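Please read these notes with the model open beside them.

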Amino acid sequence: MLFRSERAGWSDRQLSLTAEPEALSPAAIWERLELGPSPAGVRVAVNHDFGDWHQPLAAGDELAFLPPISGG
């Protein structure tokens, strides 16, 4: 699985996900990417819908971590 995060200091990172299906959650992915503690205000989206940090992920799901956004 390929991840991109310019903010984390890398543009592409390959990650092998071989955990049991129930262990794969956005929180587990965040931890495996070594992004530190999940920051307050960061939302999770799974397949273009807002989700929960601990919801199970299935093969083929699209996961996004969305930082807080402000406008003006």
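Which residue in S5 is the bridge partner of Val-44? The partner is Phe-65, and the points below start with the basis of the model and then return to this pair.

1. Basis. This is a predicted model, in which local features need pLDDT of at least 70 and side-chain atom pairs count only at pLDDT 80 or more, while totals for chains, interfaces and linings use all residues. Residues are numbered from 1 along each chain as its sequence is written, and side-chain values use heavy atoms, with hydrogens and water left out.

2. Overall make-up. The chain has 1 helix and 5 strands, arranged along the sequence as β-β-α-β-β-β. Helices (H or I, at least four residues) and strands (E, at least two) are DSSP runs, numbered from the N terminus. Of the 72 residues, 22% count as buried, where buried means under 20% relative accessible area, exposed over 50% and partly exposed in between (1.4 Å probe, protein chains only).

3. Sheet. Three strands form an open sheet in the order S4-S3-S5, with antiparallel pairing; two strands pair if DSSP finds at least two bridges between them. Strand S4 (49–51) and strand S5 (63–66) each have a single partner strand, so one side of each is left without a neighbour in the sheet. S3 and S5 are joined over 4 bridges in the antiparallel sense.

4. Val-44. Besides its bridge to Phe-65, Val-44 is in contact (heavy atoms within 4.5 Å) with residues beyond four places in sequence, among them Pro-26, Trp-53 and Leu-63.

5. Core. Val-44 also belongs to the largest nonpolar core, which has 9 residues, including Leu-24, Trp-30, Trp-53 and Leu-57. Helix H1 (26–32) and strand S3 (43–46) each supply at least two residues of this core. The term covers buried Ala, Val, Leu, Ile, Met, Phe, Trp, Tyr and Cys residues joined through side-chain atoms within 4.5 Å.

6. Ser-25. This residue lies in the loop between strand S2 (10–14) and H1. Ser-25 counts as buried because its relative accessibility is 9%. Not counting residues up to four places away in sequence, Ser-25 touches Trp-53, His-54, Gln-55 and Leu-57. Its C-alpha atom is separated by 9.6 Å from that of Leu-63, 38 residues apart along the chain.

7. Contact range. Among contacts in the chain with a separation of 6 or more, 32% are between residues 24 or more positions apart.
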